Amino acid sequence: MTKLEIKGTIISNNQKWIYDLFEMDSTSPKDILLPENNEPLEVVINSGGGDVYAGSEIYTALRAYQGDVTVKIVGIAASAASVIAMAGNTIEISPTAQIMIHNVSSAASGDHRTLAHEAEVLKNYNSSIANAYIAKTGIEEAELLELMNHETWLTAEQAVENGFADKVMFENNEAPLLVASLSPVIPPDAIAKLAEKLKPQFDLDELANKVSEKLNTKKTESKEPENAGFKRFLF
């Protein structure tokens, strides 16, 4: 399995050298080196987001990857990083991590026409970003855009409840055994461990042969009807 880390600010390729110069965590599209053999991929995310275009490029590369992609959110997946997280076939989130979604922002200067135009561009890009969340969660666009309007922060549990993640890391998702008894009950996991430990000591074919030999011996000694021993065994 190949492991990729998406840490720090999401940036364009031509800004990467600046962050590297100051030894600052960052991830650019060129950092996402995908294996050619389509082996399983683990993507570990702890990022507050950054450049929308770079985030979209990384998301698209991961979504297009033919192998299985498991995303693990270990700190924060915010803004552009939350979009990248949606590329996973399976998304796991640490119980101490969060996902944050909000509107795209930019800076603009000019007259009222320029600013009005920029506002429309931002609205359109919000819809584009929302597509990544819709594909994962199935939530309607209008509801997602409203969540983005309010800069929504999701705990691990809330992320799973709303479909932004598939499971909380380290949790046992098996249904608990429900018991109505005063007698002691061996837990299923203990039984499974014991069975696994004892399995090599038993050969079912050998055991069946021994039972058959024992029945035949008893049948000969007692001179009972041919199927008497078999009936006694089943009773």
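Hi everyone. Let me start with a term: a residue is called buried when its relative accessible area is under 20%. Keep that cut-off in mind as we go through this predicted model.

First stop, I6. You'll find I6 in strand β1, which covers residues 2-10. So is I6 buried or exposed? Its relative accessibility is 0%, so I6 counts as buried.

Now, which residues does I6 touch, once we set aside its neighbours within four places in sequence? The contacts are T27, I32, V43, V44, I45, N46, S47, I58 and I84. If you like distances, here is one for I6 as well: its C-alpha atom and that of A77 are separated by 9.5 Å, with the two residues 71 apart along the chain.

Have a look at N38, in the loop that runs between β2 (26-27) and β3 (41-50). Phi of N38 is near 60°, which is a positive value in a residue other than glycine. As for the surface, N38 has 36% relative accessibility and therefore counts as partly exposed.

Where does E151 lie? It sits in the loop between α5 (141-149) and β7 (152-155). Here, too, phi is positive in a residue other than glycine, with a value near 45° for E151. And because its relative accessibility is 39%, E151 counts as partly exposed.

So, to recap: I6 is buried, while N38 is partly exposed, and E151 is partly exposed.

Methods
Residues numbered from 1 in each chain as written. Predicted model: local features only at pLDDT ≥ 70, side-chain atom pairs only at ≥ 80, totals over all residues. Heavy atoms only, no water. Helix = DSSP H or I, 4+ residues; strand = E, 2+ residues; numbered from the N terminus. Buried < 20%, exposed > 50% of the residue type's maximum accessible area, 1.4 Å probe, protein only. Contact = heavy atoms within 4.5 Å.
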